[in-house]
Amino acid sequence: MSRIWAGIDSGKGHHHGLALDADGKTLLSRRVANDEPELLKLIGDVLDLADGREVVWAVDMTGGEPALLLALLVNHGQKVLYMPGRLVNRASEGYRGEGKTDARDAYVIADQARMRRDLRPIRPGDEAAIELKLLTGRRADLVEDRTRVVNRLRGTLLSMFPALERALDVTNTGPLRLLTGYQTPAAIRRAGVTRLTKWLANRKVRNARALAESAVEAAERQHTAVPGEKTVAKLVHTLAEEVMALNEQITETDKLIEGRFREHELADILLSVPGIGATLGAEFLAAVGGDLDEFDSPDALAAFAGTAPAPRDSGKVSGNLHRPLVYHRRLQRVFYTSALVSVRHDPNSRKFYDRKRAEGKKHVQAVLALARRRVNVIWALIRDRRCYEVTPPVTTAA
């Protein structure tokens, strides 16, 4: 059946749409505002050009900037393919010319969609999966922000008070609370263990006495004030409060994620798998769109998650495997992290891991092998709608 291929190069304020016929001839090329009336007109014009032929759309993003366009295409029953930006950049090298424009990128997207058969379709997904994708994305941003602030806090404290930086784990609430009230060696020495313990206990810090003793011991090791100590102390106070605020936001987001995740029909199945909690389960549902209808086998799911190695053979070299270049990184993290945790809590996983180590595989290789095995397990559990059991049930003869 004859088709028309429409490529969209996404942008914040504008998109560039370009349509090709089956022979690669440009039928339409237009820059449109990221606004519903403009987008509806583009969709209508492309459908008019199709004149009854099927239209296949291709985009370089699955959310964010083209979210409105994707919603309109889904509402109009259009088929949409996803071509990652990395593939667009690599494919552009094979086209004539060196310039980079939105129109050129849209042409590459449309032409690659016309020729390739390995691009994944974009499905609307269920409402819960969409919400979980937004919430888990928000959580990932907050965790990254917290990591940056913690690193700044450590560096700033190290420049003023190295002994205290070594003594405190500034990812925990107690040390952070301490730094909101006391930052310099002199201030901690003046407070002393007793007064500092009372101050921490009044703020509901656990193991207040041990923390106070560690801080005072560090203060006794430094009696020299570095230049700019007052300013550095203020920065330490501010950064400690920022980390605590981010911790609270992450906790609130975790509650939202868990509440929404437990409402999903697959929640009990995923939670039964050792190593998977509400957060990893939510990330799994967000990555696959709420179900596994798109994956006809565990091999397809493994390829999407990046747990299936890709061959790199050339000439006389064969059997050379490497990590695939295109895969869903968050989904791979779900399988790898859950596999890592399950080694400590699930006897079946531990047995498999020990067997791989006995075969000579390194720790990471053994965990990756276990992650690949878990793809099969989770795929089968969801297919059969049953929960994971450590010991397989015994089947009695009829």
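# A walk through a predicted model

Asp111 is buried, with a relative accessible area of 5%; buried means under 20% relative accessible area, exposed means over 50%, and partly exposed lies in between (1.4 Å probe, protein chains only). This is a predicted model in which local features need pLDDT of at least 70 and side-chain atom pairs count only at pLDDT 80 or more, while totals for chains, interfaces and linings use all residues. Residues are numbered from 1 along each chain as its sequence is written, and side-chain values use heavy atoms, with hydrogens and water left out.

Asp111 lies in helix H4. Helices (H or I, at least four residues) and strands (E, at least two) are DSSP runs, numbered from the N terminus. Leaving aside neighbours within four places in sequence, Asp111 is in contact with Leu20 and Tyr95, where contact means heavy atoms within 4.5 Å.

H4 covers residues 102–115, 14 residues in total, and reaches 20 Å from its first C-alpha to its last. That is close to the 20 Å expected at 1.5 Å a residue; the expected span is 1.5 Å times one less than the number of residues. How many of the 14 residues of H4 are buried? The count is 10, so H4 is mostly covered. Among the buried residues are Arg104, Val108, Ile109 and Asp111. The buried residues of H4 pack against four strands and a helix, namely S1 (3–9), S2 (14–20), S4 (54–59), S5 (79–82) and helix H3 (85–92).

## Gln183, a buried loop residue

Buried residues turn up in loops too. Gln183 sits in the loop between helix H7 (173–181) and helix H8 (185–202), and is buried with a relative accessible area of 12%. Not counting residues up to four places away in sequence, Gln183 touches Leu157, Met160, Phe161, Leu164, Ala233, Val236 and His237. The C-alpha atoms of Gln183 and Arg386 are 54 Å apart, and 203 residues separate the two along the chain.

## Salt bridges

Side chains of opposite charge can pair when their charged atoms come close. The structure holds 19 salt bridges, each a side-chain nitrogen of Lys or Arg within 4 Å of a carboxyl oxygen of Asp or Glu. The table shows some of them.

| Residues | Closest N to O |
|---|---|
| Lys356 and Glu359 | 3.6 Å |

Arg209 and Glu213 both belong to helix H9 (residues 208–220), 4 residues apart, about one turn of the helix. An α-helix has 3.6 residues a turn, so residues three or four places apart point the same way. Arg209 counts as partly exposed because its relative accessibility is 46%, and Glu213 is also partly exposed, at 38%.

Arg372 counts as buried at 19% relative accessibility, whereas Asp299 is partly exposed at 49%.

In the pair with Glu359, Lys356 is buried, with a relative accessible area of 17%. Elsewhere, Arg30, Lys41 and Asp45 are linked in a network of salt bridges.

## Pocket and cavity

Rolling a probe the size of a water molecule over the atoms shows where empty space is left. Here the search runs on a 1 Å grid over the protein atoms alone. A cavity is a set of points where a 1.4 Å probe fits but cannot get out, while a pocket is an open set with protein on both sides within 12 Å along at least five of seven lines; lining residues have an atom within 4 Å of a point. Grid points are joined across faces, edges and corners, and a volume is the space filled by probe spheres set on the points.

The largest pocket has a volume of about 1,600 Å³. Its lining has 44 residues, of which Thr62, Tyr82, Lys133, Ala287 and His328 lie nearest the centre. Which helix gives the most to this lining? H5 does, with 6 residues.

The largest cavity has a volume of about 60 Å³. Val273, Asp346, Ser349, Leu370, Arg373, Arg374, Val377 and Tyr388 line this cavity. H16 supplies the largest share of the cavity lining, 4 residues.
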